[in-house]
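Take a look at the sequence and the structure below. Then read on for a short tour.

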Amino acid sequence: MIFKFFPKEFNFFDLFEKQVSHAVEAASFFREVASKGQVTEDMLSKMEEIEHRGDDAAHTIIEQLNKTFITPFDREDIYALTKELDDVIDMINTIVSRLRIYHITGVDKNLVEFAAVIELSVHAMARAVAGLRNIKNVQCVFDACVEVNRLENVGDTMRDRVLEDLLATEKDPIMVIKWKDIYQDAETVLDVCEDVAQVVDSIMVKQA
Amino acid sequence: MIFKFFPKEFNFFDLFEKQVSHAVEAASFFREVASKGQVTEDMLSKMEEIEHRGDDAAHTIIEQLNKTFITPFDREDIYALTKELDDVIDMINTIVSRLRIYHITGVDKNLVEFAAVIELSVHAMARAVAGLRNIKNVQCVFDACVEVNRLENVGDTMRDRVLEDLLATEKDPIMVIKWKDIYQDAETVLDVCEDVAQVVDSIMVKQA
Amino acid sequence: MIFKFFPKEFNFFDLFEKQVSHAVEAASFFREVASKGQVTEDMLSKMEEIEHRGDDAAHTIIEQLNKTFITPFDREDIYALTKELDDVIDMINTIVSRLRIYHITGVDKNLVEFAAVIELSVHAMARAVAGLRNIKNVQCVFDACVEVNRLENVGDTMRDRVLEDLLATEKDPIMVIKWKDIYQDAETVLDVCEDVAQVVDSIMVKQA
């Protein structure tokens, strides 16, 4: 009977690691896109494929959540975590898709820099999520969360500097509109990573 | 005594159907506005009236929720559902009001198309909400939710195409700013309908 | 033993009054900035200092929440209240920082007006939060919440009027982009104050 409540097949930790692995893949792919300075149809398809796999991972978690009576941590935290992880992947997809829609070509060094910070943040976020498996990881999880927060601050400063430059120097208002959206999106990815870290942090605190 | 917990006058299903009927009315009115290609003072007043009635319906639900001990489904789901339904009506109101503020006149075929998709989505959303009354409606509710999700994808594709066109062809940056806001708002309505469908879906899954 | 559950040092009412006092300080400082018509490095530092103190106050509340077994009202309401109060301070910080990033100088009478409305709203919000201490304050709390809602409507109308003017008269699209962001931010502060009032209102209703 106990198997009904602790079914072997519903391992939330495995499911979260799977979902976060799609975020890692998305961040790594975005860095590649930024460094190439153009988005081909193939790249767009690949990004969408990653995003669909991320969606599937999220759906699996929600489905299991709805079927499972006893969960390793609060239901609303599981829900929030999967929702925020999904948002990370969605936001990265949004940027790649926007680069295409706005016909942006050419390597932009600010975007390359953003992509590198995003990749660092997503990796730290993945360490935090992976650490949830065991309360012994508490220090490692907290360190990873602190790193995500630090990178969010780095991103804020970058966005402010980059927007200041853009608005002071770019004479074509249409280009201002385009790049403002893209830099803002990039910074939002880091915000959502911070939201993930906040959920992980609060789960860990409750267990401690 | 039981009447204190199941008071006849607090029928959440009736209240939700009332609230969703205002969303249907808003969507239908928006389609009319888009097809007329202008927003008169009278139209603005009518839209505000619909929005006020939507607000009243939401307030009634929250009030009953705060007074009622036993609810037909989780309190937080009731809260989320009424909040998201309110957001649908608010977003439609935002577009109509923005058309007026931005002095937009003339029929825009993209906006007409968006309005049609929004109306379809709000109708599907209304079917999903109405289906909550009875667990026997489970298939009908799920089908309606799938339709809302499908229309959100349709809206995403439309917005991407329409923004691509706008930014590639419109030479007046002020017009780009205006229409970008309006198309984005239109797509957001479909996002919020999807949020409603997600809440309805999760309520249904929990009951099943 | 009871002290473990009702520890003297964890007084949520004191903590919330402290946090809201930082919002009051932020609003008052923003009015000063708007009336001076420029943001110096010193002003930026002072704003960031207020924001950091606000962050600290929020962290203290979340920490206590995670450690405390019995809370004066629902945990999720405590969490929501501290989160929304933090958002008020963050949004005010965002505007001040944006004025600097966008190199805005000169007194803008619309912004001065917005700053005055924001200050009124934050004061009303502070009265609402302070009133939570005692159920006898119920009427005073409700009145303060009604005032916050009223001021949000005032802000909506102001933003609509100001955007209409801006888009109809400003010929430089870059200036349109800048001021649109700033006015939108200003209105968002009032939205978030309304969110705070909504949480306070619902806490009060549950206690009554």
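This is a predicted model: local features need pLDDT of at least 70, side-chain atom pairs count only at pLDDT 80 or more; totals for chains, interfaces and linings use all residues.

Residues are numbered from 1 along each chain as its sequence is written, while chains are lettered from A and ligands numbered from 1 in the order in which they are written.

**One chain**

Start with chain A. It has seven helices and zero strands. Helices (H or I, at least four residues) and strands (E, at least two) are DSSP runs, numbered from the N terminus. Read from that end, the elements of chain A go α-α-α-α-α-α-α. The radius of gyration of chain A is 18 Å, close to the 17 Å that the globule rule gives for 208 residues, so chain A is as compact as a globular protein of that length. That radius is taken over C-alpha atoms, and the globule rule is 2.2 Å times the number of residues to the power 0.38. Along the principal axes, the C-alpha atoms of chain A fill a box of roughly 70 × 35 × 20 Å.

Now turn to chain C. The table gives the packing of two pairs. Axes are lines fitted to C-alpha atoms, for helices over the stretch in contact, and angles run from 0 to 180 degrees between N-to-C directions.

| Pair in chain C | Angle | Axes apart |
|---|---|---|
| Helix 2 (residues 12–36) and helix 5 (residues 109–131) | about 170° | 9 Å |
| Helix 4 (residues 75–101) and helix 7 (residues 173–207) | about 165° | 9 Å |

The angle makes helix 2 of chain C roughly antiparallel to helix 5 of chain C. Helix 4 of chain C and helix 7 of chain C are therefore roughly antiparallel to each other. Angles under 35 degrees count as roughly parallel, over 145 as roughly antiparallel, 65 to 115 as roughly perpendicular and the rest as oblique.

Which hand does the crossing of helix 2 and helix 5 of chain C have? It is left-handed. Helix 4 of chain C also passes helix 7 of chain C in a left-handed crossing. Left-handed means that the near helix is turned anticlockwise from the far one by less than a right angle; clockwise is right-handed.

Who meets whom? In helix 2 of chain C, the residues that meet helix 5 of chain C include Phe16(C), Val20(C) and Arg31(C). On the helix 5 side, Leu111(C), Glu119(C) and His123(C) are among them. Contact means that the C-beta atoms of two residues, placed from the backbone, lie within 7 Å. The residues of this contact of helix 2 with helix 5 of chain C divide into 17 nonpolar, three polar and three charged. Ala, Val, Leu, Ile, Met, Phe, Trp, Tyr, Cys and Pro count as nonpolar, Asp, Glu, Lys and Arg as charged, and the others, Gly among them, as polar. For helix 4 with helix 7 of chain C, the contact has 17 nonpolar, three polar and seven charged residues.

**Between chains**

Nine residues of chain B are in contact with eleven residues of chain C. On the chain B side, helix 4 (75–101) and helix 7 (173–207) give two or more residues. Helix 7 of chain B gives the most, with four residues. By class, this side has five nonpolar, three polar and one charged.

Chain A touches chain B too. That contact takes nine residues from chain A and eleven residues from chain B. Helix 7 of chain A gives the largest share of the chain A side, four residues.
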